[in-house]
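Have it open next to you while you read.

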Amino acid sequence: MPVLDRIRALALAGPTASGKTAGALALAAVIGRQVPVEIISVDSALVYRGMDVGTAKPTPEERAAVPHHLIDIRDPLQAYSAAEFVHDTEALITAIRARGALPLLVGGTMLYFKALFEGIDDMPAADPAVRAALDARAAVEGWPALHAELARVDPATAARLAPGDSQRIQRALEVWQVSGRPLSSFHQRSERQATQGAEGSTAGQPDIPLFSLEPTDRAWLHARIAQRFDAMLAHGLLDEVSALRARGDLHPDLPSMRCVGYRQSWEYLDGQCSRAELRERGIAATRQLAKRQVTWLRSMPARHVVAADQPQAVATLVATVLDRLRGTAPA
């Protein structure tokens, strides 16, 4: 199985709590018998230093077993865009291949995957004045009202966002106001890539086959999400957010602090909700995130889906990937 001759990299996606980390480590162990594997994180939360518990960051032992990239590369005060991810990932793929290893892209930030596979136009940079104005309007009108406005100017983006998804609604309206173009227009796949998808190519890029762990039973994923959020609380999520708040330079409107779990913990520490309400809000927000991730994945019809909730999901994933690499699985 001359892996490096057949593909440029592998990609593993899936909604939160679907078992991607276990699947990635199993793939690295099996493929690593023939060629070394290095993991590139495709996760907009793992880039932040000091945010370990609430992001389910790979443990030091897991990171020691397989080299990981794009983890702990930003301070929580900084942003990290999809364009930066594509630039960094392309450079990493080249460097990893030069070392004779196979890059394995793993994560659940679907915008990053789509940007890498399909390309992304240069979107306008953040405009603090526009954002402040949108925040001021939202304080008076509410985010559902701004979502309704977004539905008028960019229905494609509004259709995939919840009315309370303030971070993404704000960004979409900001792009519209600054550029005069809807955010969705910056994510259009090219005619060539669309043709490849229609013909059943492996992914947006034929040399990076995309595999996806997706549950067939939503209740299974919901149970996993609840268990994981409870484990985060038990392992010090609130202490972690308290330490971040104590820095004094962070605030809840930053992209880092809007990550699921952190926003709800910040609200709890502000006295806006009880401990029980924190748990309820955190689990609900994580479910919404998982729903958005699955929606994004379904827009990638050429992915290879493995049922995450089957008893031997990891073994099935490994077998599916190996079959694809050997050329025996349908492309």
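What follows is a set of numbered points, going from the whole chain to single residues.

1. Ground rules. This is a predicted model, so local features need pLDDT of at least 70 and side-chain atom pairs count only at pLDDT 80 or more, while totals for chains, interfaces and linings use all residues. Residues are numbered from 1 along each chain as its sequence is written, and side-chain values use heavy atoms, with hydrogens and water left out.

2. Overall fold. The chain holds 15 helices and 6 strands; helices (H or I, at least four residues) and strands (E, at least two) are DSSP runs, numbered from the N terminus. The C-alpha trace spans about 60 × 45 × 35 Å along its principal axes. For 331 residues a compact globule would have a radius of gyration near 20 Å, and the chain agrees with its 20 Å. That radius is taken over C-alpha atoms, and the globule rule is 2.2 Å times the number of residues to the power 0.38.

3. Packing and surface. Of the 331 residues, 49% are buried. Buried means under 20% relative accessible area, exposed over 50%, and partly exposed in between (1.4 Å probe, protein chains only). Among contacts with a separation of 6 or more, 75% come from residues 24 or more positions apart; contact means heavy atoms within 4.5 Å.

4. Charges. The chain has 37 positive and 37 negative charges, and their mean positions are 4 Å apart. Lys and Arg count as positive and Asp and Glu as negative, leaving out His and the chain ends. Each charge is placed at NZ of Lys, CZ of Arg, CG of Asp or CD of Glu.

5. Salt bridges. How many salt bridges are there? The count is 22, taking a side-chain nitrogen of Lys or Arg within 4 Å of a carboxyl oxygen of Asp or Glu. One network of them links D52, K57, R63 and D72.

6. A pair within one helix. R171 and E174 form a salt bridge, with the closest N and O atoms 2.8 Å apart. They sit 3 residues apart in helix α9 (residues 166-179), so about one helical turn separates them. Both R171 and E174 are buried.

7. Pairs between elements. D270 and R245 meet in a salt bridge at 3.1 Å, N to O. This pair links distant parts of the chain, 25 residues apart: D270 is in the loop between α13 (262-269) and α14 (275-298), and R245 is in helix α12 (residues 237-246). D270 is partly exposed at 41% relative accessibility, and R245 is partly exposed at 25%. E267 also forms a salt bridge with R281, the closest N and O atoms being 3.1 Å apart. Here E267 in helix α13 is linked to R281 in helix α14, 14 residues away.

8. Two residues to look at. Not counting residues up to four places away in sequence, S265 touches L237, L238, V241 and L278. A158, in helix α8 (residues 155-159), is buried at 5%.
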